[in-house]
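Dear colleague,

Please find below the structure that I am handing over to you. My findings follow it.

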Amino acid sequence: MNNKSKQTESKRWVLLEHLPFRYSKRILLIVFLYSLAFTLLLVGLRMFCHNLTTAISQDAQNAQNIQQNIADNIIRLHVIANSDTEEDQTLKLKVRDEVLSQIQDSLMQANTPAVAGHILENEQQLIHDIAAAKIRAEGYDYTVRVVMEQRYFPAKTYGDLTFPPGTYQALCIEIGEAEGKNWWCVLFPSLCFVDETTAEVPEDSKEKLENSLSQEAYDSLSNQSTPAPTHTAKPEFRSAIYDWIAGK
């Protein structure tokens, strides 16, 4: 090998010896930039998930506050038929009509849910006797149970108002086995209309309800296009990466 060839070969080795180092720095820089970008992405996702979770939590709390405001200011009437046969369902409506005709005058004296509840509790035995007498008059020997209690209701639409799911104070009238479809209305303030051919609550009844609730709660009754979620448990899927992003 001549001198020129030796020099060329020597330069080639020098370049090869420096290549790993030169490329190592470039690779390290690329890795660093990618790591930084990925870290910023994770931080951004975590902030987004945190804000989303906070917003959902605030919405849920707001919905709960609205439902509580409604529940604190109304009393519901709940009449449950013995069964779903046509005869039992007809009897349920006749019992409803008889009870309403007898107690609504007394409730006209009430100007607060507390006063209305006190009146209904005092007249609980009278209401039982009215319902039992109507059942016997119609030729049935069903027992009847009348109670004032806190009871959970799913989302219910009454006329053009939709009431959110939750626990409400209710005057409950259970006929016989109480395994049939139920009928309900707002007993205080009086929104109970017997003529169900109309699909709207009368304006004067709405005015009474509006005066009893916060404006936000009242507005929500006519703005709910879909029922609020119930308490049905659903399967939950978890991920360690998601939990870290969401800050759990």
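D97 counts as partly exposed, because its relative accessibility is 29%; this class lies between buried (under 20% relative accessible area) and exposed (over 50%), with a 1.4 Å probe and protein chains only. Its partner is R96, and the two form a salt bridge with their closest N and O atoms 2.7 Å apart. A salt bridge here is a side-chain nitrogen of Lys or Arg within 4 Å of a carboxyl oxygen of Asp or Glu. R96 has a relative accessibility of 4% and therefore counts as buried.

Please note that this is a predicted model, in which local features need pLDDT of at least 70 and side-chain atom pairs count only at pLDDT 80 or more, while totals for chains, interfaces and linings use all residues. Residues are numbered from 1 along each chain as its sequence is written, and side-chain values use heavy atoms, with hydrogens and water left out.

The protein as a whole

The protein contains 7 helices and 6 strands; these are DSSP runs numbered from the N terminus, with helices (H or I) of at least four residues and strands (E) of at least two. Along the sequence, their order is α-β-α-α-α-β-β-β-β-β-α-α-α. Of the 248 residues in the protein, 35% are buried. Contacts (heavy atoms within 4.5 Å) with a separation of 6 or more come, in 73% of cases, from residues 24 or more positions apart. The accessible surface is about 15,900 Å², and 56% of it belongs to carbon and sulfur atoms; such areas come from the Shrake-Rupley method with a 1.4 Å probe, and for residues only the protein chains shown count as cover.

Further salt bridges

Side chains of opposite charge can pair when their charged atoms come close. The count of salt bridges in this protein comes to 8. One of them joins K134 and E138, at 3.3 Å from N to O. E138 has 27% relative accessibility and so counts as partly exposed.

Which side chain meets D160 in a salt bridge? The partner is K206, with 2.6 Å from N to O. D160 lies in the loop between β3 (156-158) and β4, and K206 in helix α5 (residues 203-212), so this pair ties together parts that are 46 residues apart in sequence. D160 is partly exposed because its relative accessible area is 29%, whereas K206, at 9%, is buried.

E123, a buried residue without a salt bridge

E123 is placed in the loop between α3 (113-122) and α4 (124-137). E123 is buried yet has no salt bridge, and the nearest side chain of opposite charge, K208, is 16 Å away. For charge, Lys and Arg count as positive and Asp and Glu as negative, while His and the chain ends are not counted. Leaving aside residues up to four places away in sequence, E123 touches I103 and S106.

Aromatic pairs

The structure holds 4 aromatic pairs. Rings of Phe, Tyr and Trp (its six-membered ring) pair if their centres lie within 6.5 Å; planes under 30 degrees apart are stacked, over 60 edge-to-face and the rest tilted. The rings of F153 and Y168 have centres 6.1 Å apart and planes at 80°, so they are edge-to-face. F153 belongs to strand β2 (residues 144-153) and Y168 to strand β5 (residues 166-175), so the pair ties together parts that are 15 residues apart in sequence. Both F153 and Y168 are buried.

F163 and W184 are also edge-to-face, because their ring centres are 5.5 Å apart and their planes stand at 90°. This pair links distant parts of the chain, with F163 in strand β4 (residues 161-163) and W184 in strand β6 (residues 182-188), 21 residues apart. F163 and W184 are both buried, and together with Y158 they form one aromatic cluster.

V144 and its surroundings

V144 lies in strand β2 and is buried, because its relative accessible area is 11%. Residues up to four places away aside, V144 touches H128, A131, A132, I135, I173 and E174.

With kind regards
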